[in-house]
Amino acid sequence: MVNLTQPAVLCFGKVPDDPVFTHHFMEVTSHLQAYKEAFASERVFGVLSETLYNFLQLDWEQRQEEDNLLIERILLLVRNVLHVPADPCEEKKVDDDASIHDKVLWAVHMSGFDDLVKFLASAQSEQQWSMHVLEIISLMFRDQTPELLVSAGHSRSAEEKQRDLQELEALRQKENAEKRSRTLQRGTRHSRFGGCFVVQGLKAIGDNDVIYHRRLHKFKSYTHDEGKAVRRVPKRNQRALECKDKPRSALNVRLFLREFCVDFLENCYNRLMYLVKENLIREQTQQHDETYYLWALSFFMAFNRGNDFRADLVSETMSIRAFHFIERNVTNYYEMLLTDRKEATSWSRRMHLALKAYQELLLTVNEMDRSHDESIRQSSNVIKSNIFYMMEFREIFLTLLRKYDETKQPLTYLKDLVETTHLFLRMLERFCKGRKNLVVQKKRVKRKKSHNRKKQLVAETSSEALAETWKIVEEELRASGFQLSESLTGSIVPFDAASEIPLEEQRIEAMVRVQDALLAHTGPEALALLRAAREVWPDGNVFGSSDVEPEEELELLKEILHANLPRSTTETLVEEEDDGAEFEEEELESIQVSETDFNFKDFIKRFANPGIVRPYLFMLRTYSKNTPHTNHCVVRMLHRLAVDLKMDALLFQLSVFHLFNKILSDPAAEAYKELVTFAKYVLNRFFSVVAQNNKAFVELLFWKNVGAVREMTEGYSKDGEGKKVAWSEEDEEELRTLYMEHRDSDVPDIVETLLPLLSNNSRTRRQVVTQLVRMGLVVNAKELKKQRKGTGIVLWTEDQEEELQMLFEEFKDSDDVLGNIMKKVTAKRSRARVVDKLLSLGLVSERRELYKKRRRAPGKSSGVGMTEEEFLSGLTQDSPDDSVGGHDDDEEEEDDSEDSEEDEEQEHKNSQNVVKRSQSSHVGVDRRADVGAIVNSLMQEGMSGPLLWIQNCLNKTANDREDDGLSQPVPLVPLSEENEEAMENKTFRKLLGKLGMRAPANEQETFWRISDKLSPLQLRSAAAALTPGEDKAECSEGLSASNAEEDEDEKDTSGEQRAQALRALLLARKRKNQTKDADAASDLNSDEDLNSVTKSRSQEEKTTTKRSRSGLSDDEDEMENGILLHPVFITNRIDFVEMSCLLLGYFTAFLKCFLLKLLF
């Protein structure tokens, strides 16, 4: 019977599209509906209940495996019967009439099966059936709502009667208005003499005026579209279907279900929800079983809220864990909604269910605030403080409103979203009013690139490291007498028989393996590989002759160790993957969490966005069908934006005014007084703006952001504003003269000294610093950085220590001890210095005592409250101890950045360019000039985040295509607001086109895609091209910036040493040119090998050099042609040790060329 009653959806997987399978699906469904009608019998469920009761009477020691299997089958059978959908053609019944589903429920009740279900939900020994029980309960209440069950058997309350009277009054006013309009429209003449009129100024299809053949009172509804065929809306643009209204069950069924809910909440809810949550977390359930948990949470908490609210009955789901669980599922459902388009409807329903659960949690917390119990109100404040503190819980509504799509999400979802947002903002506003300050969590991205990997590569490939490696290997081989064990010689195979590469082409791979063994200090293994390779490839004596002596083998191994052999692509890919993993790790570490004071008005400003306002106006279109509460939520949000934020121009849009006109001309407008008042206010504000701005009528055609609103109301910016300030020759000469006069003075900040002396008083600090760098008077803006506050004072005097102790005693009971001390202390020092001194004086025992404390509700320390409070109190604790130093340092950096923000901005850009340039040289991709220019322009516009997102997508796609061996188009789905705005930027889309991305091909595609024709190598090349490139003119600035940063740590070398270094470098390059000319003349057949060796050697030099070599490598061809580089291109710390290493490198390259000629 379990197999015969399986749901049709489980049998077919989904509703089939094929007509034949659709017919079979409908036939199976009709059979199941007949089964359900047959099961609506008390005798059938009586047998099932008696059988299940007998098995449950047995202890778990006495139960056999067959008994547990039969219990599970009974539960599955009941689940299948309750799951059968109703037949809409057969069950056309009115409310309070019993349907087939009601008959089945009544049979369940009369047989006592519902009591067994409650026993299974509450018994500790039957917890293995928790998911089956929850599924049966959800199907029992499938057609019910909490409000109907709460009101079952009770007379209507005064509030319900008042609400019904208001609805009837609105309908009566609308009907009377329609009657009056019909009376006025009724003419005295017969309908056959309606008349014929010419409408002047309204053109017909031709050049003549429109001729109107109807009565004049109908002319208001005239339109040119009359008589035209209705345009069919494409399926992908049609609105999502709404769920049908649930019929009201019979009264006796609702009464028994109400009693079931009361008993379930008192005895089963907390335990069952705990077991289900544990199974979900441990992934011991089937797919999508979390939907039953979300439904039960929203349904039973709503029933508890309406039926004599008791917080202890739902304490299991009233926790921060429940908020976090729902928020995570909402995010997951939205991502699947975008990616799995075929099942978009199902994902939308799940997302709606999660939103309802989140709404019910907020409503329950709001109900706890009204409780007469002090402990419950205290617990509510703890929960609210945690909700408002977490950044994810505050911004979930912004994201959901901005991502609303009417084609995938129904109007009921938007209704619940609008009402939940209204409730959250109201709770947050009330919470902020009772406190002077509210500390919330804040996340920021701070990118710091580590250079540990580069230093390791320098150490590994330097000539000193190779010499040390060879010394160790030589000693090991000489100690063994060049004798190898039999096990080693028998296990060494120099080629891969399963490889697709021909055997003759695996010689280079064998030589690479020998080199790897030498680098790993395994000399015997390298020697064994060499001898085995000699036996496989004896031709040409590549690995030595057959009668080679041990000393010759030793010399050959040494040449292989120092040779720059071409590596295979697989190793390169592995290195790139490692680099990607390291890069991701660095990016994750760069996200720092800090605390800041919350401002409710600033939070509301984030709703002033056209993408958020449009869903509210879409909800307002159905104002006549909305409930009064829904209309109030919409108007309240628009009122916050238009009145509280004075952003009424955000609503100056033609479609909005058309909606306002519909509301004002509605015959039943008196029933919507709030809407009418708000519409009149916005229209009055618009006409007042029109009096000052005659272009306001044109602005009605467009949605406006905050900047456009400000321009519309305050005036448009003139041409030329916002551009860089020009410096004339007289201004530059004046600046140069003043700088030379005060350069050697002992003023602490020369820029602050120059600003009042300039003839143009409108110059800012940033403009002066930028001009000084551009004129070459200073090397870098870092030289003009403001001095740090407090860093010049190191020692503490006795008076200062006494002052610090007095300030600590004064403010030790305040919320921000350290902040108050920093404001009052006489000798200004950094926060880290003050914290260290307080620890050394013994005034505090640990750093966490100096944290800024968040204000809690009174009475929390008394320990009186719910049991859930102990868990919530752990969530309100501050960060670990070791974060204090970092936090203090971060605040100190923030103070410094505020003082020298203008100076460090240009320096940050230069250092970022140097880091990106070193990364691009490591990858070794030749970037096109136009792509580099576009990337630089986008970086200047602040689109580094979207560029990094595209780069990560390209690298990930390349890795996936190499692992799977398949190439499919990959859509670029922007999940953040920043990435969405970038995808709408024309320059950004132009960059995607140049990188080989494919725009949406037709109407069925929405996102850009990574073409399936791009190979992994091309994808990585495109990813590398996204780093900001520089031309030769910018290269000098980058090198000078990097040199200036290094000069901060060490003193500048003298001009004589720099000149000696330049002469040595030029001499070395001339010798290199002579060596290349000689090699080219002697061996013309090995050009390809020499080119590969030269490329690999130059790549090795790029990765082993401590400073960035991109500028030098770009100008290497100019050096070979006899062009002398300017000294600013060369670092001023090249000493004679580095020059000797460089000469040794060129000599090693000569040996490599000689060795390759021997091999090939």
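This report covers the nonpolar cores and salt bridges of a predicted model.

## Basis

The model is predicted: local features need pLDDT of at least 70, side-chain atom pairs count only at pLDDT 80 or more, and totals for chains, interfaces and linings use all residues. Residues are numbered from 1 along each chain as its sequence is written, and side-chain values use heavy atoms, with hydrogens and water left out.

## Nonpolar cores

A nonpolar core here is a set of buried Ala, Val, Leu, Ile, Met, Phe, Trp, Tyr and Cys residues joined through side-chain atoms within 4.5 Å. Buried means under 20% relative accessible area, exposed over 50%, and partly exposed in between (1.4 Å probe, protein chains only). In soluble globular proteins, nonpolar side chains tend to be buried together.

The largest nonpolar core holds 157 residues. Those with the most contacts inside it are Ile 137, Phe 141, Phe 300, Ile 326 and Phe 607. Phe 607 touches Leu 398, Leu 401, Thr 421, Leu 425, Ile 612, Val 613, Met 637 and Leu 641, leaving aside residues up to four places away in sequence. Contact means heavy atoms within 4.5 Å. A second, separate core has 28 residues. Its members include Phe 482, Leu 530, Ala 533 and Leu 565.

A salt bridge is a side-chain nitrogen of Lys or Arg within 4 Å of a carboxyl oxygen of Asp or Glu. The count by this rule is 30. Helices below are DSSP runs (H or I, at least four residues), numbered from the N terminus.

Asp 648 and Arg 685 pair at 3.1 Å, N to O. They link distant parts of the chain, 37 residues apart. Asp 648 sits in the loop between helix 27 (628-644) and helix 28 (654-664), and Arg 685 in helix 29 (residues 673-692). Asp 648 is buried at 4% relative accessible area. Arg 685 is partly exposed at 33%.

Glu 801 bridges to Lys 837, with the closest N and O atoms 2.8 Å apart. Glu 801 lies in helix 35 (residues 798-811) and Lys 837 in helix 37 (residues 831-840), 36 residues apart. Glu 801 is partly exposed at 21%, while Lys 837 counts as buried at 15%.

Glu 962 forms a salt bridge with Arg 1020, the closest N and O atoms being 3.1 Å apart. The pair joins helix 42 (residues 944-964) to helix 45 (residues 1016-1024), across 58 residues. Glu 962 is partly exposed at 27%; Arg 1020 is buried at 8%.

Note on methods:
Helices (H or I, at least four residues) and strands (E, at least two) are DSSP runs, numbered from the N terminus.
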